[in-house]
Amino acid sequence: MGVITTKGIGERNRMKNTGNRAFQFRLAAGEVCRLPRSIREIRIVAGQAWVTYGGKDVILNAGDSTQLGRKEDQSLAVISALKHAPLVFDAAA
């Protein structure tokens, strides 16, 4: 399993006008990565994702988004690309 890091990646845009920094990531089909605890929101741009966080599993499709919790919440979040297709998603810290 890989680990996604926002270090050294340029800022992409703002999500939901909250002022949070947003980054865009790509995963190959079947790739699984752990998200940094600083990531609070993700939005699927293309593909389908399986996201595990806070003790629950969620399937997200292109256009879907989810909040991963507060910064005080120390739950790990894991994301993987489903359906033999690459996954593109935005992640806001």
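The exercises go from the whole chain to one strand and then to one residue.

This is a predicted model, in which local features need pLDDT of at least 70 and side-chain atom pairs count only at pLDDT 80 or more, while totals for chains, interfaces and linings use all residues. Residues are numbered from 1 along each chain as its sequence is written, and side-chain values use heavy atoms, with hydrogens and water left out.

**Exercise 1. State how many helices and strands the chain has, and describe its core.**

Step 1. The chain contains zero helices and ten strands; helices (H or I, at least four residues) and strands (E, at least two) are DSSP runs, numbered from the N terminus.

Step 2. Of the 93 residues in the chain, 37% are buried, where buried means under 20% relative accessible area, exposed over 50%, and partly exposed in between (1.4 Å probe, protein chains only).

Step 3. The largest nonpolar core has 21 residues, and Ile42, Val51, Leu68, Ile79, Leu87 and Phe89 have the most contacts inside it. Such a core is a set of buried Ala, Val, Leu, Ile, Met, Phe, Trp, Tyr and Cys residues joined through side-chain atoms within 4.5 Å. At least two residues of this core come from each of β3 (21-27), β4, β5 (41-46), β6, β7 (56-61), β9 and β10 (87-92).

Step 4. In soluble globular proteins, nonpolar side chains tend to be buried together.

**Exercise 2. Identify the strands joined to β9 by bridges, and explain why β9 is largely enclosed.**

Step 1. Strand β4 (residues 32-35) runs antiparallel to β9 and is joined to it by four bridges. Two strands pair if DSSP finds at least two bridges between them.

Step 2. Strand β6 (residues 48-53) is also antiparallel to β9, with five bridges joining them.

Step 3. Valine 78 in β9 stands opposite arginine 34 and opposite threonine 52.

Step 4. Because four of its five residues are buried, strand β9 (residues 77-81) is largely enclosed by the rest of the structure.

**Exercise 3. Describe the surroundings of alanine 77.**

Step 1. Alanine 77 lies in strand β9, where it is the bridge partner of leucine 35.

Step 2. Alanine 77 has a relative accessible area of 6%, so it is buried.

Step 3. Leaving aside residues up to four places away in sequence, alanine 77 touches Cys33, Arg34, Leu35, Thr52, Tyr53 and Leu68; contact means heavy atoms within 4.5 Å.

Step 4. Alanine 77 and threonine 52 are 25 residues apart along the chain, and their C-alpha atoms are separated by 5.5 Å.
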